[in-house]
Amino acid sequence: MQKKNWLGVFVMLAVAAIAYLPLAHQFGFLNDDWYLMFDAHVSGSGFFHEIYSIDRPLRGYLMQAAFSLFGLNPFNYQISAFVFRVFSGLPCSGCSTNCGARVNSII
Amino acid sequence: MAAILFLIYPGFLSQINPIDYQAQIFSLACGMFSVALTIKAIRAEKCLSGLSLPSYPFAWLDISRMVEYFIGFEVLRLISVGILYWREHEKTITTRLTSAFMAFLPFLASAGGFLIWRLFFLKPSAKPPMSVYKFRNYFHPRLPRSGG
């Protein structure tokens, strides 16, 4: 059973890697990334609070932490996005068992 | 299979610029994690103890002041909770509905509180910082220019 779980995690990591990583190292800054990175580079990561205070205040804290960790290297952000996507799929593996039976019971 | 589906769905067209969309991708992970914890807690019949508690902060993180449209996760949660309680055929319909509502109540309070704050109390600043607008206008010259 334990082996089966790890196999599932490995399959999910492999699928996510195929979906998100092959070209990740080739991507640079796109669209709004430019001025976000410019502002943070020139004014410091605290500047994100000023940008996002308009509508999404908590986002400033996340971007501040991300910029402090990853700096100006876009590849680091690609990797963290990959990790977050894996984490958004992994929890479902734990609650999807007997999903079919559950749906059948409702129908 | 469901887990693999959620690895790639919902897809973000802007997954390739994760600097700007870091918050969205992070919120998606928080939302999925929170809904999964809620389902786990109900299935383990520990709705108000251990397992369900961590789902509250994650639910708060995914919508509250991070990315407001992830409030849609609460609909997914409501449907999931409803399905799980609907399966308890030995109980009356009223009991099932009441149990589902009680399990969903903390999240309803959280989402409702957020909506009230977002609609009535958030005071957006008059305009974004100047340098942001300078660059936005440089890359998107057709957008209206700021007044300042």
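Ser88(A) is buried, with a relative accessible area of 0%. In this predicted model, that serine belongs to helix 5 of chain A, which covers residues 74-95. Where does the side chain of Ser88(A) reach? It goes to the backbone oxygen of Arg85(A), at 2.7 Å.

Chain A has six helices and zero strands. Its elements run α-α-α-α-α-α from the N terminus on. Chain A has 107 residues, and 36% of them count as buried. Take the contacts in chain A with a separation of 6 or more: 49% of them join residues 24 or more positions apart.

Chain B also consists of six helices and zero strands. From the N terminus on, the order is α-α-α-α-α-α. Of its 148 residues, 42% count as buried. In chain B, residues 24 or more positions apart make up 57% of the contacts with a separation of 6 or more.

Helix 2 of chain B spans residues 22-43. How many residues does this helix have? It has 22 residues. From first C-alpha to last, helix 2 of chain B reaches 32 Å, close to the 32 Å expected at 1.5 Å a residue. Is helix 2 of chain B mostly covered or mostly uncovered? It is mostly covered, as 19 of its 22 residues are buried.

**Aromatic rings**

Over all chains, the structure holds six aromatic pairs. One of them joins Phe84(A) and Phe26(B). The ring centres of these two residues lie 5.1 Å apart and the planes stand at 70°. An angle over 60 degrees counts as edge-to-face, so this pair is edge-to-face. The pair crosses between chains. Phe84(A) sits in helix 5 of chain A, while Phe26(B) sits in helix 2 of chain B. Both Phe84(A) and Phe26(B) are buried.

A second example pairs Tyr69(B) with Phe70(B). Here the centres are 5.4 Å apart and the planes are at 40°, so the pair is tilted. Tyr69(B) counts as partly exposed, because its relative accessibility is 44%.

**Charges over rings**

Chain B also has arginines whose charged ends sit over aromatic rings. Arg77(B) is placed this way over Phe107(B), and Arg96(B) over Trp86(B). The table gives the distances.

| Charged residue | Ring | Distance from charged end to ring centre |
|---|---|---|
| Arg77(B) | Phe107(B) | 3.8 Å |
| Arg96(B) | Trp86(B) | 4.8 Å |

**Confidence**

The model scores ipTM 0.78 and pTM 0.75. Chain B averages a pLDDT of 73, and 62% of its residues score at least 70. Where is confidence highest in chain B? It is highest in helix 4, residues 73-86, at 87. Confidence in chain B is lowest in helix 6, residues 130-139, where the mean is 55. Over residues 143-148 of chain B, the pLDDT is below 50. Beyond near neighbours in sequence, that stretch has 11 contacts in the model. Where pLDDT is low, the predicted coordinates should not be read in detail.

How values were computed: Residues numbered from 1 in each chain as written. Chains lettered and ligands numbered in written order. Predicted model: local features only at pLDDT ≥ 70, side-chain atom pairs only at ≥ 80, totals over all residues. Heavy atoms only, no water. Helix = DSSP H or I, 4+ residues; strand = E, 2+ residues; numbered from the N terminus. Buried < 20%, exposed > 50% of the residue type's maximum accessible area, 1.4 Å probe, protein only. Polar contact = N/O pair within 3.5 Å; in protein donor to acceptor, adjacent residues only side chain to side chain. Expected span 1.5 Å × (residues − 1). Phe/Tyr/Trp six-rings, centres within 6.5 Å; stacked < 30°, edge-to-face > 60°. Lys NZ or Arg CZ within 6 Å of the ring centre and 35° of its normal. pLDDT = per-residue confidence, 0-100. Contact = heavy atoms within 4.5 Å.
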